[in-house]
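The points are grouped by topic.

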Amino acid sequence: MKRIILTGGGTAGHVTPNIALIPRLKELSYDIHYIGSLDGIEKELIDNIGIPYYGISSGKLRRYFDMKNFTDPIRIIKGFHQAKNIIKELKPDVLFSKGGFVTVPVVLAAKEYKVPSIIHESDMTPGLANKICIPAASKVCCNFPETLQYLPQEKAAFTGSPIRKELLQGNKFAALDICHFTINKPTMLVIGGSLGASAINHIVRTALPSLLERFQVIHLCGKNKIEDSLNHIEGYAQFEYVTSELRDLFALADIVISRAGANAICEILALQKPNLLIPLPASSSRGDQLLNAASFKEQGFSIVLQEEEITEEVFLTSVNQLYTHRLDYIATMRKSNQLDAVEKIIQLIMELSI
């Protein structure tokens, strides 16, 4: 039996692609273990699926001044030694890292014991954690063809992002019951998220009367962002967030409005949902969503609106254009070579764990 260690944490986006690999790894009889932070979101997500979990000390490497810059290097060094001890004990055949700062000591520790590692970069350009890990990695997977230019040629692999199989198995009729919608009218799914989505929430609610003339609207607006005055409006359903229901809501959706986080848009691509992306502006991020959205627009998968350019008229025009040409977007997405990421990554894992 081959043994693999998965690592990644800090956000759900650094964990769910790992979770997407687990069913296939189990089919191939891999003994699966997970290294994450002591109290990050990854611990709860992995504990819920019964994979052995090992928490290590972790810290963030910042490009800006913060008092934690004086203490986090100590946590990282401690995490490195903890990771070494875990790897020494488990003797894995291969390591797969999805990213986040907890992975830095794990990938470096794997190199110490000559364990081959595969790392995955979600965004267009490598983040700081993966930049540190790339020299120690055997292979570097990426979501976007443009990312290949930033990676060592001999290590680079254009795979796309692994998507949880259950996300592809939604039931639109279950979503109709959840939202109290009808099958006779198209549905728009808005994924605002819990952070930085005020602009999306605002424009959707401003344009709601016009939107409801043509669409039913499912609005995932984020924690504490429900607008009580809009409850019970026919054809409009708002939720702070959803979990297992998301696959059903996706199944019902004819078009999707979303931010441009890498994992989110890769899920939209896998589901072949025509989409309008409103990336997080550079003033609120390192600009990765702007690059992600630009790539999807260039590949013909998406319409893109910049947050600072949105007006009600521009938004409604873009939504109607998206729906009118939805079959063209679906046809283009079907041709993408980013749709079989799980099998591509599994193949790399099998090659390195021989």
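**The largest cavity**

The residues lining the largest cavity divide into 3 nonpolar, 3 polar and 2 charged. The model is predicted, and the values below are computed from it.

**Cavity: size and lining**

- Searching the whole structure gives 1 cavity of 30 Å³ or more.
- The volume of the largest cavity is about 50 Å³.
- Its lining consists of Thr16, Pro17, Ser161, Pro162, Ile163, Arg164, Asn263 and Glu267.
- Two or more of these lining residues come from each of α1 and α10.

**Second largest pocket: size and lining**

- The second largest pocket holds about 360 Å³ of space.
- Elements that supply two or more residues to the lining of this pocket are α1 (16–27), α10 (262–271) and α14 (341–352).
- The largest contribution to the pocket lining is that of α1, at 4 residues.
- In total, 19 residues line the pocket, and those nearest its centre are Ile163, Lys165, Leu168, Asp340 and Val342.
- By class, the pocket lining comprises 10 nonpolar, 4 polar and 5 charged residues.
- Ile163 is among the residues lining the largest cavity and is also one of those nearest the centre of the second largest pocket.

**Packing of α1 on α14**

- The crossing of α1 past α14 is right-handed.
- On the α1 side, the contact involves Ala20, Leu21, Arg24 and Leu25.
- On the α14 side, the contact involves Val342, Glu343, Ile345, Ile346 and Ile349.
- The α1–α14 contact counts 7 nonpolar and 2 charged residues, with no polar ones.
- Val342 of α14 takes part in this contact and is also listed with the residues nearest the centre of the second largest pocket.

Note on methods
Residues numbered from 1 in each chain as written. Predicted model: local features only at pLDDT ≥ 70, side-chain atom pairs only at ≥ 80, totals over all residues. Heavy atoms only, no water. 1 Å grid on protein atoms, 1.4 Å probe; cavity = no way out; pocket = protein on both sides within 12 Å on 5 of 7 lines; lining within 4 Å. Points joined across faces, edges and corners; volume = space filled by probe spheres on them. Nonpolar A, V, L, I, M, F, W, Y, C, P; charged D, E, K, R; others polar. Left-handed = near helix turned anticlockwise from the far one by under 90°. Contact = heavy atoms within 4.5 Å.
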